Amino acid sequence: MRLEDYIATVPDWPLKGVQFQDITPLLQDGEAYNYAIEQMAKLAIEMKADVVVGPESRGFMFACPVASKIGKGFVPVRKKGKLPRETVSYTYELEYGTDTLFMHKDSIKKGQRVVICDDIVAIGGTLNATAKMIEELGGVVAGMICLIGLTSLPGVKKLEKYNLKCLILNDVKDD
C-alpha cells in the first residue's frame, strides 16, 4: 500500500510558505490507517519497546494503537497544564515558533526501552524534546517511528542518532 496516496498537501497553511502535510485522509480510511499502525507496530517490536510514548496531539493517534497492538503501555507527552501530577519539561523550537512539552515524572522507569511515535518529523523539535525528557528520567530511547519524515527540513537528519524510522519520506519544501 502506498501511504503517500493518503496524505494531502495543503499549501500556505498554517502560514504562508508552509506546505502542510494533512494526515486526515489516512485517518479516514480504515484500511490505510490500519496498515500504517501495523507497520509502526512491527518497527516497535524490532526496537524491543517496553513502552510507547506519543506527543500531543497527533502522536496520540499513532502511539496509542501501536502500544495496544504490541501489548505495551502508552505514555502521553502533553502541553502545559494538561498533566495533573509532578512533571518534567523541555522547551524546544517548532518550525514556526517555540513550545514546551511535559511528561509525568513517574512515567518512565530507569533503563526502560522507549519508542516514540508521532505523525511527522519536520525540524525535529517535538521528538527531540520528548527524547530529552525520557533520558532525563533514565529511560533509553530505543527508537522513533513517524508516519512522515520531511527530508527537506533538518529533523530527519538531526534525529538519526535516535534510530528514527519513517514510513513515508517526503521532500516537500516550504516556499
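F20 sits in strand β2 (strands are DSSP runs of E with at least two residues, helices are runs of H or I with at least four, and both are numbered from the N terminus). With a relative accessibility of 16%, F20 counts as buried (buried is under 20% relative accessible area, exposed is over 50%, and partly exposed is in between, using a 1.4 Å probe and protein chains only). This is a predicted model, in which local features need pLDDT of at least 70 and side-chain atom pairs count only at pLDDT 80 or more, while totals for chains, interfaces and linings use all residues. Residues are numbered from 1 along each chain as its sequence is written, and side-chain values use heavy atoms, leaving out hydrogens and water.

**Around F20**

- Which residues does F20 contact, leaving aside its neighbours within four places in sequence? They are A8, T9, V10, W13, P14 and R58, where contact means heavy atoms within 4.5 Å.
- F20 and I120 are 100 residues apart along the chain, yet their C-alpha atoms are separated by 10 Å.

**Overall build**

- You can find five helices and nine strands in this protein.
- Followed along the sequence, they make the pattern β-β-α-α-β-α-β-β-β-β-α-β-α-β.
- The radius of gyration is 15 Å, close to the 16 Å that the globule rule gives for 175 residues, so the protein is as compact as a globular protein of that length. This radius is taken over C-alpha atoms, and the rule is 2.2 Å times the number of residues to the power 0.38.
- Taken along the principal axes, the box filled by the C-alpha atoms is roughly 40 × 35 × 30 Å.
- Of the 175 residues, 46% count as buried.
- Among contacts with a separation of 6 or more, 59% come from residues 24 or more positions apart.

**The nonpolar cores**

- The largest nonpolar core has 30 residues, and L26, V115, I145, L147 and I148 touch the most other members. A nonpolar core is a set of buried Ala, Val, Leu, Ile, Met, Phe, Trp, Tyr and Cys residues joined through side-chain atoms within 4.5 Å.
- At least two residues of this core come from each of α2 (30-46), α3 (58-70), β7 (113-121) and β8 (140-150). Which element gives the most to this core? It is α2, with seven residues.
- Not counting residues up to four places away in sequence, I145 touches M40, L43, A44, M47, V115, I116, C117, D118 and K165.
- A second, separate core holds 25 residues, including L101, M144, C146 and V156.

**Backbone details to look for**

- Most residues other than glycine have a negative phi, and most peptide bonds are trans.
- W13 and P14 are joined by a cis peptide bond with omega about 5 degrees, and P14 is in the loop between β1 (8-11) and β2 (19-22).
- Another cis peptide bond runs from E56 to S57, with omega near -15 degrees; S57 lies in the loop between β3 (51-55) and α3.
- D12, in the loop between β1 and β2, has a positive phi near 60 degrees although not a glycine. Is D12 buried, exposed or partly exposed? D12 is partly exposed, at a relative accessible area of 35%.
- K48 is not a glycine either, and its phi is positive at about 60 degrees. K48 is found in the loop between α2 and β3 and counts as exposed, at 56% relative accessibility.
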